[in-house]
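Please examine the sequence and the three-dimensional structure shown below. The report that follows describes fold, core, surface and selected residues.

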Amino acid sequence: MSRKRYTFLKDDKNRNSRRSLALSGISALIFLILLMAGYASDGKTGPAYGAFGLMAAVFSVIAFALAVEALSAGTDRRQTAVISTIISGVLMIGWAGIFLLGIH
């Protein structure tokens, strides 16, 4: 006779996709704030703005990696991971574009 096992623990399979979406949102918010600050000061911002931009770019890369990991985990709910992958991918392209404009 087999015994049934019950568990009351939450399913944490989508934890990486939620973290990825949060990091993407933070990166997008910093992107918009720094973009407005750059236009307001005619591009004459200090190194602190560059440090925040670099931090947000790293957040975007980490968010993309977490989203891809969540997609490859094979969970049933993939909508959050797909949205986060798209947002962080677009942000990585935006940060790379700003970096290349700064080098030029």
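**Basis of the description**

This is a predicted model, in which local features need pLDDT of at least 70 and side-chain atom pairs count only at pLDDT 80 or more, while totals for chains, interfaces and linings use all residues. Residues are numbered from 1 along each chain as its sequence is written, and side-chain values use heavy atoms, with hydrogens and water left out.

**Overall fold**

The protein has three helices and zero strands, and its pattern along the sequence is α-α-α. Helices (H or I, at least four residues) and strands (E, at least two) are DSSP runs, numbered from the N terminus. Of the 104 residues in the protein, 26% are buried; buried means under 20% relative accessible area, exposed over 50%, and partly exposed in between (1.4 Å probe, protein chains only). Among contacts between residues at least 6 apart in sequence, 75% join residues at least 24 apart, where contact means heavy atoms within 4.5 Å.

**The nonpolar core and the aromatic pair**

The largest nonpolar core has seven residues: Ile30, Phe31, Leu34, Ala56, Ala57, Leu91 and Trp95. Such a core is a set of buried Ala, Val, Leu, Ile, Met, Phe, Trp, Tyr and Cys residues joined through side-chain atoms within 4.5 Å. Helices α1, α2 (47–72) and α3 each give two or more residues to this core, and α1 gives the most, with three. Beyond residues up to four places away in sequence, Ala56 touches Ser27, Ile30 and Trp95.

Which residues form the aromatic pair? The structure holds one such pair. Phe31 and Trp95 form this edge-to-face pair, 4.9 Å centre to centre with 90 degrees between the planes. Phe31 lies in helix α1 and Trp95 in helix α3 (residues 79–103), so the pair ties together parts that are 64 residues apart in sequence. Both residues, Phe31 and Trp95, are buried. Rings of Phe, Tyr and Trp (its six-membered ring) pair if their centres lie within 6.5 Å; planes under 30 degrees apart count as stacked, over 60 as edge-to-face and the rest as tilted.

**The surface**

The protein exposes about 8,000 Å², and carbon and sulfur atoms supply 67% of this area. Accessible areas come from the Shrake-Rupley method with a 1.4 Å probe; for residues, only the protein chains shown count as cover. On the surface, Leu32, Leu35, Tyr39 and Ile98 form a nonpolar patch with about 410 Å² of accessible area together. Helix α1 (residues 15–40) gives the most to the nonpolar patch, with three residues.

**Selected positions**

| Residue | Relative accessible area | Class |
|---|---|---|
| Leu32 | 49% | partly exposed |
| Ala22 | 43% | partly exposed |
| Gly89 | 16% | buried |
| Thr85 | 15% | buried |

Thr85 lies in helix α3 and, leaving aside neighbours within four places in sequence, is in contact with Phe64, Ala67, Val68 and Leu71. Gly89 is also placed in helix α3; Gly89 and Ala63 are 26 residues apart in sequence and 9.0 Å apart in space, C-alpha to C-alpha. Ala22 belongs to helix α1, and the C-alpha atoms of Ala22 and Phe59, 37 residues apart in sequence, are 9.6 Å apart in space.

Note on methods
Patch = residues over 30% accessible without salt bridge, like charges linked within 9 Å, V, L, I, M, F, W, Y side chains within 5 Å. Salt bridge = Lys/Arg side-chain N within 4 Å of Asp/Glu carboxyl O.
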